[in-house]
Amino acid sequence: QVQLVESGGGLVQAGGSLRLACAVSGRTFSSYAMGWFRQAPGKEREFVGAISASGGSTYYTDSVKGRFTISRDNAKNTVYLQMNSLNPNDTAIYYCAARNTPNYSRNAGYTRGYQYDYWGQGTQVTVSS
């Protein structure tokens, strides 16, 4: 059974940084494209960014481009979301998700929730003004 466990959330002031981590257990990590989503109170879940199974491709929503960076360490079965220049609009529960793909696939263009097979429980990020 595949399990995803996020960590690293917390309270940070505007302009600050946080790094989220998502540890994946189960099948071969290199066969998963990984995505990050977030859901703010009263809003729908939205796509944040994704990284291909190979780690060579990434894709971000416009609102986080230049501020957020996704990376992965296949040796540690972990994907990261580095978040810089945070603002109160980034306040949300952040979820990581995994999609089965061919091993080391280069495709990172999975932006919809239904395209993912497994989800973590989420971690709260709160940005104070």
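This report describes the disulfide and the salt bridges of a predicted model.

**The disulfide**

A search of the whole structure finds one disulfide. The bond runs between Cys22 and Cys96, with an S to S distance of 2.0 Å. Cys22 belongs to strand 3 (residues 18-25) and Cys96 to strand 9 (residues 92-100), so the pair, 74 residues apart, links distant parts of the chain. Both cysteines, Cys22 and Cys96, are buried. Because the torsion about the S-S bond of Cys22 and Cys96 is about 50°, the disulfide is right-handed.

**The salt bridges**

Side chains of opposite charge can pair when their charged atoms come close.

| Pair | N to O distance |
|---|---|
| Arg38 and Glu46 | 2.6 Å |
| Asp90 and Arg38 | 2.9 Å |
| Asp62 and Lys65 | 3.0 Å |

Arg38 forms a salt bridge with Glu46 and another with Asp90. Asp90 lies in the loop between strand 8 (78-83) and strand 9, while Arg38 is in strand 4 (residues 32-39), so this pair ties together parts that are 52 residues apart in sequence. Both Asp90 and Arg38 are buried. Arg38 counts as buried because its relative accessibility is 5%, under the 20% cut-off. Glu46, at 33% relative accessibility, counts as partly exposed. A network of salt bridges links Arg38, Glu46, Arg67 and Asp90.

Asp62 and Lys65 also meet in a salt bridge. Asp62 is exposed, with a relative accessible area of 62%, whereas Lys65 is partly exposed at 47%.

How values were computed
Residues numbered from 1 in each chain as written. Predicted model: local features only at pLDDT ≥ 70, side-chain atom pairs only at ≥ 80, totals over all residues. Heavy atoms only, no water. Disulfide = S-S within 2.5 Å. Helix = DSSP H or I, 4+ residues; strand = E, 2+ residues; numbered from the N terminus. Buried < 20%, exposed > 50% of the residue type's maximum accessible area, 1.4 Å probe, protein only. Salt bridge = Lys/Arg side-chain N within 4 Å of Asp/Glu carboxyl O.
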